[in-house]
Amino acid sequence: MLKIGIVLGSVREGRNGEAVANWIHDFAGNRNDEAEYEIVDLKDYSLPLLGAAVPENQQEEANAAIKAWSEKMASFDGYIFVVPEYNHAVGGAFKNALDYLKAEVNNKAAGFVGYGSLGGTRAHENLRLILGELQVADVRTAVTLSLMTDFENMSVFKPAGYHENNANEMLDQLLAWSGALKTIR
């Protein structure tokens, strides 16, 4: 059985990502795949800014957060990254979190569920560059949710039904690639 982490990559107050992550988690779980899906909320990990000085009285807590993040990400065979688009890219907190990883995610696969004015597509493109360096194979099909049409008042998540086609394709590709890559790890 494959273990797939659904990583909620926003820590912003009032974020829309929690509803999106829950939606893809429920959607994936209802497919009855030979996979186990788990939501990983970046907000649960108080990661310090990579390379910044951490005060001595906070080092133990920072090291514990880094270790917990690393171990959690290492426990999966593949990932679904739920990402908003900020300034044509992924958010800074998520980029920082990815910078703590390397071997934990090597030779694994990732799919994307994005949201924003253009469905998070530019964040996906940015993420593809980052993941290439981390040796994570990203699948072609992504779910792209528009703040204008899939959220009432840009805050209440109401996805259009046609997103299910892309979600199914993305999941099919992700599970195939995750299974294949598991054989070389």
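Contact is taken here as heavy atoms within 4.5 Å. The structure described is a predicted model. In helix α3 (residues 92–99), the buried residues are Phe 94, Asn 96, Ala 97 and Leu 98. The cover over these buried residues of α3 includes β1, α2 (59–74), β3 and α4.

The largest nonpolar core comprises 29 residues, and those with the most contacts inside this core are Ile 24, Tyr 37, Ile 80, Val 82, Val 113 and Met 170. Two or more residues each are contributed by β1 (2–8), α1 (17–29), β2 (35–41), β3 (78–84), β4 (108–116), β6 (143–146) and α5 (163–182). Another core, of 28 residues, lies apart from the largest one and has among its members Leu 47, Met 73, Tyr 100 and Leu 134. In soluble globular proteins, nonpolar side chains tend to be buried together.

Ile 24 is found in helix α1. Ile 24 counts as buried because its relative accessibility is 0%, the cut-off for burial being under 20%. With neighbours within four places in sequence set aside, Ile 24 is in contact with Ile 6, Ile 80, Val 82, Val 113, Ala 167 and Met 170. Gln 59, in contrast, is 35 residues from Ile 24 along the chain, and the C-alpha atoms of the two are separated by 35 Å. For Val 82, with the same exclusion of neighbours within four places, the contacts are Ile 6, Val 7, Leu 8, Gly 9, Gly 17, Val 20, Ala 21, Ile 24, Val 113 and Tyr 115.

A search of the whole structure gives 15 salt bridges. One of them joins the side chains of Arg 31 and Asp 33, with an N to O distance of 2.8 Å; both of these residues are buried. Arg 15, Glu 18 and Asp 41 are linked in a network of salt bridges.

Arg 128 takes part in two further pairs, described in turn. With Glu 125, the closest N and O atoms of the salt bridge are 3.5 Å apart. Glu 125 and Arg 128 both lie in helix α4 (residues 121–133), three residues apart, or about one turn of the helix. Glu 125 has 48% relative accessibility and therefore counts as partly exposed. In the salt bridge between Asp 138 and Arg 128, the closest N and O atoms are 2.3 Å apart. Asp 138 lies in strand β5 (residues 136–138) and Arg 128 in helix α4, so this pair ties together parts that are ten residues apart in sequence.

How values were computed: Residues are numbered from 1 along each chain as its sequence is written. This is a predicted model: local features need pLDDT of at least 70, side-chain atom pairs count only at pLDDT 80 or more; totals for chains, interfaces and linings use all residues. Side-chain values use heavy atoms; hydrogens and water are left out. A salt bridge is a side-chain nitrogen of Lys or Arg within 4 Å of a carboxyl oxygen of Asp or Glu. Buried means under 20% relative accessible area, exposed over 50%, partly exposed in between (1.4 Å probe, protein chains only). Helices (H or I, at least four residues) and strands (E, at least two) are DSSP runs, numbered from the N terminus. A nonpolar core is a set of buried Ala, Val, Leu, Ile, Met, Phe, Trp, Tyr and Cys residues joined through side-chain atoms within 4.5 Å.
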